Amino acid sequence: MDIKQLKSVAEEIVVATSKILNDVTVAIVDQNGNYMAIDEFYIIRKGTEEWKPYIDEIIKKRKVTIIENPGLNPLCKGCENEGNCPQTLEISVPFNFDNRFFGYISVITFSNEMKDYYIKRIDQTVEYLNSMVKLMVSAAKEQATRIHAERMFSEREAIINSMNYGVVDCDIDGRIKCANHTFCNFIGADRPIENQLITEILTSTAIEEVLNNKGELEGREAQVFINNEMHRMVVSATVIKSESNEDIGFVFSLHKAAYIRSLVFGSKEECSENALSSIIGKSAAMIELRKRIESIANSCSTVMINGETGTGKELVARAIHSLSSRRDKPIVTINCAAIPDNLLESELFGYEEGAFTGGRKGGKAGIIEVADGGTLFLDEIGDMPLHLQAKLLRVLQEKEILRIGGYVPTPIDIRVISATHQDLDELIKRQLFRMDLYYRLNIIPIEISPLREHISDIDDLIDYFIMKYNHKLNKQIIACSRDYIEAMKQYTWPGNVRELENAIEYSINIQTGNILTTDSLLQKISDYDLEERSTMSLKQRTLEYERKVIQNVVKQYKNESNGIEKAAHLLGISRASLYRKLKG
């Protein structure tokens, strides 16, 4: 309670007291000597305001003060009305609350008749003023409590309505007491919903279970039917108890399941705008790959990435996602070769509660559903069983998914990127892969060259991985010896960039100095380098390197009508020389 709340009550007390007590004026003064409230006739009758030294003395004493001879009292010395005050009597009663002094209330008479009247009734007058003080303090406290409650309610209402999930407060029978804006938007309410049963507005076994069992519910994914439309939501329920610990109601919260999944599976790393810069290399093959990624990123068409193991197919998929309009949604990855056939279906498509023994209560969303709004990356798609290929094809065609054991399909919006190191044409011939699914997945093909075909990028890749593992392993490698780099370039890298990264991590781990030397090479790379050096002359090695460079450039332009001319121009030789070197 503060002085402002007392002031509004004090004004009402002054008016009431002036009417009840005969021929007196009333004033209420705060602890600083300022009027909180005053009878409108007081100044007119007295001719001046209250004398400040008099006010200060009463505040200082903080007890009942009676002045029977105003104008002649020592406290009146210096006042304009000293010796000739129109007042005849003043009775002042202090008021306190919670051991805090707030001021005092005074009644003043202006006639000897009224002075005598109140002097004879001094005890009753003081008692009456004390009762007015108690009334004023009580009223002010009640007003303060009401104002605080209103403010708290307003703040809580603002907080609840700012939530992006539905909140609804129900009594113990499920009758709605209030709901936030998001819940009303969920159900499309165009009229008040208070006093309606929540089960009349929406249908959900999770909510019915709470109402029937009178228990709480923590974050269960459930089907919620609103206006005959099925929505997947995460439902929670909290029991509200009375002061006597009796259950009196529930607060339900309903989150859209897709939003919760995006929070769980999305990450800054997945949506990094620098994913493209992680594709290292200045070779024609890498430049062309980055251009291709940029050109197709914003398409909604499916992408098929082909490349040997370790070439960075998942990195390309993440780069495509990071540059797309879906970058704020998750990219969800599943390796079709890494999950057993009997588990892959439930991982991909999810299942409803009760679909099989041991399933999670409330069911479980599959990877495809989790990727809703974002990108689904199916790695090693060639290893997907045929019966699941048919279900995946239906998802791509119908844009909806049906969980195992479910009856109501869920619409989804995903972009599918798949990858494989296998020859899918050969798998189709052997009837191990569906041709119709292949055509649906292979709308935009991307080919990633093996490392041996862009060996010139090894320098940049080594620099990149040194920087990465210096930070990770707290090392200070600053360079590589010429022999180290030469040995790395001579190796054929069957495991491609992944194998290169592992080899550099190994070198950084065992290198004692700050320069990588051949002493830190993996044994197989050292042995390969020695073997090559012992069997090839300098001329042979030069011709082999030239052959690789020519093959890479020709491959870059192989699908263009004037590809040979462009390749020859890039290499700085004539068409005839290029044909001769290709034949040789």
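Residues are numbered from 1 along each chain as its sequence is written, and side-chain values use heavy atoms, with hydrogens and water left out. Because the model is predicted, local features need pLDDT of at least 70 and side-chain atom pairs count only at pLDDT 80 or more, while totals for chains, interfaces and linings use all residues.

**Stop 1**

Two strands pair if DSSP finds at least two bridges between them.

Now pick out β12 (residues 303–306) and β17 (residues 415–420), which run parallel and are joined by four bridges. Which residue in β17 is the bridge partner of V303? Click on I417 to see that partner.

**Stop 2**

Move to β6 (residues 166–171), where five of the six residues are buried, meaning under 20% relative accessible area with a 1.4 Å probe and protein chains only; over 50% is exposed, and in between is partly exposed. D169 has V251 as its bridge partner in β11.

Next, show β7 (residues 176–179), which pairs with β6 in the antiparallel sense over three bridges. Here C170 stands opposite I176. The β6 and β7 hairpin has four residues between the strands, and G174 takes a positive phi near 90°.

**Stop 3: aromatic pairs**

The whole structure holds five aromatic pairs. Rings of Phe, Tyr and Trp (its six-membered ring) pair if their centres lie within 6.5 Å; planes under 30 degrees apart count as stacked, over 60 as edge-to-face and the rest as tilted. Select Y117 and Y118, an edge-to-face pair at 5.0 Å centre to centre with 85° between the planes. Is Y118 buried or exposed? At 4% relative accessibility, Y118 is buried, whereas Y117 is partly exposed at 31%.

Finish with F250 and F252, whose ring centres are 6.0 Å apart with planes at 35°, so this pair is tilted. F250 is buried at 0% relative accessible area, and F252 is buried at 0% relative accessibility.

Definitions and conventions
Helices (H or I, at least four residues) and strands (E, at least two) are DSSP runs, numbered from the N terminus.
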